[in-house]
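Please examine the structure shown below. The paragraphs that follow it lead through a sheet, a helix and a core.

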Amino acid sequence: MQEYVTSAVSLRKYPQGDLDGRYTLFTERFGRMTGKAKSSRKITSKLAPHLEPGTVLRVRFIEAHGTQIIDALKEGMAGISIINLQFLSMLLPEGQPEPGIWRMIAERSFSWRAAFAVLGWDPEDALCASCGTRKGMHFYIPRQEFFCDTCIRKLPLKTRESAVISLHVSL
Ligand SMILES: [Zn+2]
């Protein structure tokens, strides 16, 4: 059976059944992929600590009844917050390598501004999709468009928190 090995960053984890886990990874060779790690939710799991979201790792997987993660080895942390990892998992295309994004993660230099340019939504030329002003610096993920300060505030707060990437937030 063919095995695949690649570097990756773990983006998200989901429970599956009682003991298994599913993980969405952004891999260097294959882009975004989701695989199952058997028994990863057992307290004795050797894989789980290496697959926590935010971890940069080497991963080994096979294709057998879906993608099965059979080995994982932590190499470090990506230094990207959990919410930004979730946004990345929403934006990255499935099964398509993105070398520009991978390089930023490997070099610990990830920024949304640069990532949007790589993915083809350059914020430098962005106009607000609603009113057309040149201050469209909030990316609304479900519509894949930028909105200005004023227009983005028309969305409910909960939606903004879960689906908007702001490029000039004052935290
Ligand atoms: Zn606007």
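In this predicted model, three strands form an open, antiparallel sheet in the order 7-6-8. Two strands count as paired if DSSP finds at least two bridges between them; helices (H or I, at least four residues) and strands (E, at least two) are DSSP runs, numbered from the N terminus. Strands 7 and 8 stand at the edges with a single partner strand each, so one side of each is left without a neighbour in the sheet. Strand 6 and strand 7 pair in the antiparallel sense over three bridges, and phenylalanine 139 stands opposite phenylalanine 146 in strand 7.

Residues are numbered from 1 along each chain as its sequence is written. Because the model is predicted, local features need pLDDT of at least 70 and side-chain atom pairs count only at pLDDT 80 or more, while totals for chains, interfaces and linings use all residues; side-chain values use heavy atoms, without hydrogens and water.

In helix 3 (residues 112–119), Trp112, Ala115, Phe116 and Leu119 are buried, meaning under 20% relative accessible area with a 1.4 Å probe, protein chains only. These residues cover an arc of only 100° around the axis, which puts them on the same side of helix 3; the arc is that of the directions from the helix axis to the C-beta atoms. Just after helix 3, glycine 120 takes a positive phi of about 95°.

The largest nonpolar core has 27 residues, and Trp112 is one of those with the most contacts inside it. Such a core is a set of buried Ala, Val, Leu, Ile, Met, Phe, Trp, Tyr and Cys residues joined through side-chain atoms within 4.5 Å. Strand 1 (3–16), helix 1, helix 2 and helix 3 are the elements that give two or more residues to this core.

Definitions and conventions: Buried means under 20% relative accessible area, exposed over 50%, partly exposed in between (1.4 Å probe, protein chains only).
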